[in-house]
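Me: I would like to learn how to read a structure like this one. Please take me through it one feature at a time.

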Amino acid sequence: MRVDHGDVLLMSCAGLQSQDIEEDVMPHGSGLSRGDKRRNGRLARLRALVPPQNAILGIDLADEKQALVVTDHDSRVLARKRVRAKAWRLDSALEWARNVARRHGFADVTVGCEPTGHRWRVLDQLAAGLGMPLVCVQPLLVGRARESEDYTRDKTDDKDAVLIARLVGDLRCYVLERAEETWARLRHLGARREGLVAEATANVQQLRDLLECAWPAVLGCAAKPFESNSWCAALTVVLDRCHGRPERLARMGLARFLQAVNREVARWGGRQVWRLTDQAGVTAQRTGALERASFVLADWHATKRRLSEVEARMVEVLDHLELTDLVTSIPGLSTVGAAAILAETGDLARFDSPRAVVKHAGLCPRENSSGTKEGRARIARRGRPGLRLAAWRAVWGAQANNPVLTARFHHLTAREENPLTTGQAHAALAAALLRWLHVIITQRVPWNEQIASGRTDLSAAA
């Protein structure tokens, strides 16, 4: 397997120290750092989409009222237009902008917009059909540009369209992701899974609150009750039959109760039976709270079933992409955990380096220094919060079963100089996990413990 110096560095785990943050390493005989070269490459790609011979069409997208402005590269307005139409009906407006640009001596138009809901994807498809390049501008930049315009927060759709065009002309924009159909499906499944995870968590918290108020003893019948299938099955039987008064189940007798639980436990995926005991609670709340708990428990069970179905489909997508064996070569990383991460990143080949993936997640450390003063470095927390959360969750499951992550965690938290807190260390491990995924997926090589830990001799590996 071919391994170069950059791959080994990028596959190593990074802590939140100043020496770990160094990005601009000067190669021998070159006046440019790696950061300079990557930035220059990014600007070159943007300049190809926003060439000087093209005018710029800035569009402030909305539901049914669109504000359009055609400008030159100095943001001088050439024409304005208001269109009352859905995003799907903007093809004639794009043709109008092209005609305006050609009347003023430009070859064509580059379209710029904010990533507003789904509308920017619609506009991208229309622009691609007409052969027009399209770029997006971050809403955060538009908001800050609005204040820098006249030092106020004055906002109108027409002004925002001009600001979008100005930012595009300054190359303060980015190339949007055009996901292939399979990757797009994985992203939608990941969004569905995230919603179901949040719903299931809310169900558990609500059920715990109700039981703590009305029937606290039931929570003490298992060490981790909400992770016990037999506990959930028994609680389902009780809440379905007691009508808010658990003492009525004494008439069933133990044998009949256990038979009912055994029939129910299969629906929860369990085999063993749980025994029920009853003690005090807030008796005035018991009838209503347990009736409500019965509804929440049914909702939770249905949510878990839907969640399992979505996760199975996500695994199918990974199989279709032929990535399952690669991502599961990382010890401790589950297929579902990897699928959740890739649903947020999309095709990792669109990132030019592993560090770019970490930056996209907002997990890259940001240096805080000036002159001789060095402040505390923190993660950026920019980018996709969903990707940061998915990587964070995956690390919690992988750390105990991955020797490199375990060793790195102990090193980061126990070193004498600048030890990290548990949260900081987990952020560094999540960044490392994203780097590993980028390398093994883009290069189609399985995870290698020796390389990941930095113990492999470079000359021997090459």
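Reply: Start with a term needed later: a contact means heavy atoms within 4.5 Å. Keep in mind too that this is a predicted model.

Me: How many of the residues score at least 70 in pLDDT?

Reply: pLDDT is the predictor's confidence in each residue, from 0 to 100. Here 85% of the residues reach at least 70, and the protein chain averages 84. Residues 1-25 have a pLDDT below 50, though this stretch has 59 contacts in the model beyond near neighbours in sequence. Residues 273-279 are also below 50, with 28 such contacts.

Me: What is the order of the strands in the open sheet?

Reply: The 5 strands run E3-E2-E1-E4-E5, and their pairing is mixed. Strand E3 (77-84) and strand E5 (134-136) each have a single partner strand, so one side of each has no neighbour in the sheet. On average, neighbouring strands of this sheet are turned by 25 degrees against each other, direction ignored.

Me: How many bridges join strand E4 to E5?

Reply: Strand E4 (residues 108-113) and E5 are parallel and joined by 3 bridges. Across this pair, Val111 stands opposite Leu134 in E5.

Me: Is Arg193 buried or exposed?

Reply: The cut-off for buried is under 20% relative accessible area. Arg193 has 15% relative accessibility, so Arg193 counts as buried. Arg193 sits in helix H8 (residues 181-214).

Me: Which residues does Arg193 touch?

Reply: Leaving aside residues up to four places away in sequence, Arg193 touches Leu307, Val310, Glu311, Met314, Val336 and Ala340.

Methods. Residues numbered from 1 in each chain as written. Predicted model: local features only at pLDDT ≥ 70, side-chain atom pairs only at ≥ 80, totals over all residues. Heavy atoms only, no water. Pairing = 2+ DSSP bridges. Helix = DSSP H or I, 4+ residues; strand = E, 2+ residues; numbered from the N terminus. Axes fitted to C-alpha atoms, helices over the stretch in contact; angles between N-to-C directions. Buried < 20%, exposed > 50% of the residue type's maximum accessible area, 1.4 Å probe, protein only.
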